[in-house]
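Subject: Structure for your review

Dear colleague,

Please find below the structure that I am handing over to you. My notes on it follow.

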Amino acid sequence: MTAMYATSTAMPFSHDQPHIVVVGGGISGMSAAYELGRAVRDGAAPVAVTLIEREARLGGKVVTERNGPFIIEGGPDSFMAQKPWAAELAREIGLGDELMVASPMRRTTWVLIRGRPQPLPEGMLLIVPTRIAPFAFSPLISLPGKLRMALDLFVPARRDDGDETLADFIRRRLGHEALDRLAEPILSGIHSAECERQSIMATFPRFRELEKRHGSLIRGMLAARRTAPPSSAAHQSPFMTLRGGMGALIDRLEQHLTARILTGRQVTTLMHDPTAARPYRLYLDDGALLEADAVILATPAYVAANLVNDAFPDLAGALRAIRYVSTATISMVYRRSEVGTPLDGYGLVIPRSEQTWINACTLSSVKFRHRAPDDYLLLRCFAGGSRRPELLARDDDDLVRLAQSDLRAILGITAAPVLTRIYRWHNGNPQYDVGHLDRIAALEARCPDGLLLAGAAYRGVGVPDCIKQGRDAARRALALAASVRLAKS
């Protein structure tokens with residue numbers, strides 16, 4: 001390896017300063033670089049920071065297109081308000097006044113059952129009923145299915161801490177029909193996952209906690225509802241976003257970075273020599289060499305695997321074991337005069353058993369204000385994932401045609417859209433298969449001092465989770481840098 005990079009041009013830093021390199025400029029890497037820079041600005045840690053991103057722009061899957069009066073999200077359109085880390089970061093960088101919740105008057109989510117949309121009954125907390133009358137009269141679940149769900153009050157609780165699939169957990173507590181019509185489209189849909197492989201402990205650990213504490217999901221949700229503070233009442237939306245779109249977070253965060261930023265550059269190999277003054281060497285695709293005291297890998301797991309393959313082959317193998325699936329978002333704008341408002345709610349989730357081309361549909365301009373003028377309707381459909389991976393091979397026109405055919409059959413939309421946008425995320429969705437948390441713990445244990453992992457592949461796929469992971473990794477890197485300075489003094 002030494003001979004191969006003998007002609008590399010090193011990028012020097014002051015030997016008095018520890019150097020921390022962040023690889024990957026998505027929201028995890030940007031959050032890590034921000035936290036490192038904040039420590040520098042506060043005078044707590046005199047370190048040099050470099051952020052490397054192979055694409056021309058920062059932000060990864062967080063991308064917002066502003067097309068005239070329309071705000072179109074290519075990736076995440078919001079984040080869960082109950083996870084505080086995204087809102088906290090937004091406020092820190094001066095976006096507090098831009099935070100907003102989803103429209104409070106139209107919170108209904110619809111589920112496609114036998115080709116017809118059916119609303120989730122009032123009082124449903126995720127997939128658990130907490131009000132008897134709306135659930136009893138809902139056509140969403142058959143009478144036998146409702147009786148089986150009610151048995152949750154009597155099914156013995158599993159008391160151990162072992163993992164299981166989401167499918168096994170839901171069948172055990174609520175029955176097969178609840179799995180097919182509720183859990184699979186809603187809970188697995190969040191992760192673009194297969195419920196028969198999805199880890200309950202890595203994706204919805206709260207369900208197991210409720211089961212252990214209350215012996216029943218229904219009793220647990222009722223208790224949570226009784227003790228919830230007024231701010232989380234039924235009228236408060238669980239979703240938050242930014243008035244100008246999620247991309248506003250990226251734009252403002254970039255302005256607050258004090259790191260040296262290298263975009264359009266790619267790390268090809270990472271080497272490690274614990275006896276060197278700076279133990280990490282990163283070779284870039286243009287022949288440059290970076291030496292670092294610590295490295296934060298905030299890339300997809302398979303990219304991280306390629307980087308560490310020469311230095312840590314066992315770690316690389318563990319990283320490659322994390323599965324990914326590919327997805328696409330298909331945004332379409334319609335004139336309201338031609339389509340009206342097809343659903344009184346945020347959107348529609350679709351069980352796998354319905355055999356549609358799309359997996360779900362969000363009424364983006366209904367869910368969030370300021371996404372389109374009042375005389376237009378902005379929809380976003382989701383395709384691909386584990387259900388129909390072959391769709392990602394279709395061209396844009398074909399994807400739009402297939403989405404339109406579903407919207408015509410389900411919602412009666414026959415008009416042609418006035419604007420369409422497609423974003424493809426090839427290998428963009430990590431899969432938290434059963435046993436995921438144990439695998440991640442073992443994987444992290446293989447990392448030597450100073451090599452840190454952050455991102456959607458590890459401990460949460462949402463924007464708040466990725467922000468938390470990035471900032472936590474930065475704090476650990478800073479602690480290491482402080483120990484290095486102490487050892488040299």
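The largest cavity holds about 70 Å³ of space (a cavity being a set of points, on a 1 Å grid over the protein atoms alone, where a 1.4 Å probe fits but cannot get out; volume is the space filled by probe spheres set on the points). The search of the whole structure gives one cavity of 30 Å³ or more. This is a predicted model, in which local features need pLDDT of at least 70, side-chain atom pairs count only at pLDDT 80 or more, and totals for chains, interfaces and linings use all residues. Residues are numbered from 1 along each chain as its sequence is written, and side-chain values use heavy atoms, without hydrogens and water.

The lining (residues with an atom within 4 Å of a point) of the largest cavity consists of Ile 71, Ile 72, Glu 73, Asp 77, Ser 331, Ser 364, Phe 368, Arg 371, Leu 378 and Arg 380. Strands S5 (70-73) and S21 (376-384) each give two or more residues to this lining (strands are DSSP runs of E, at least two residues, and helices of H or I, at least four, numbered from the N terminus). S5 gives the most, with three residues.

Helix H1 (residues 27-41) packs against helix H10 (residues 247-255) at about 30 degrees, with the axes 10 Å apart (axes are lines fitted to C-alpha atoms over the stretch in contact, and angles run from 0 to 180 degrees between N-to-C directions). H1 is therefore roughly parallel to H10 (angles under 35 degrees).

Kind regards

Terms used: Parallel < 35°, antiparallel > 145°, perpendicular 65-115°, else oblique. 1 Å grid on protein atoms, 1.4 Å probe; cavity = no way out; pocket = protein on both sides within 12 Å on 5 of 7 lines; lining within 4 Å.
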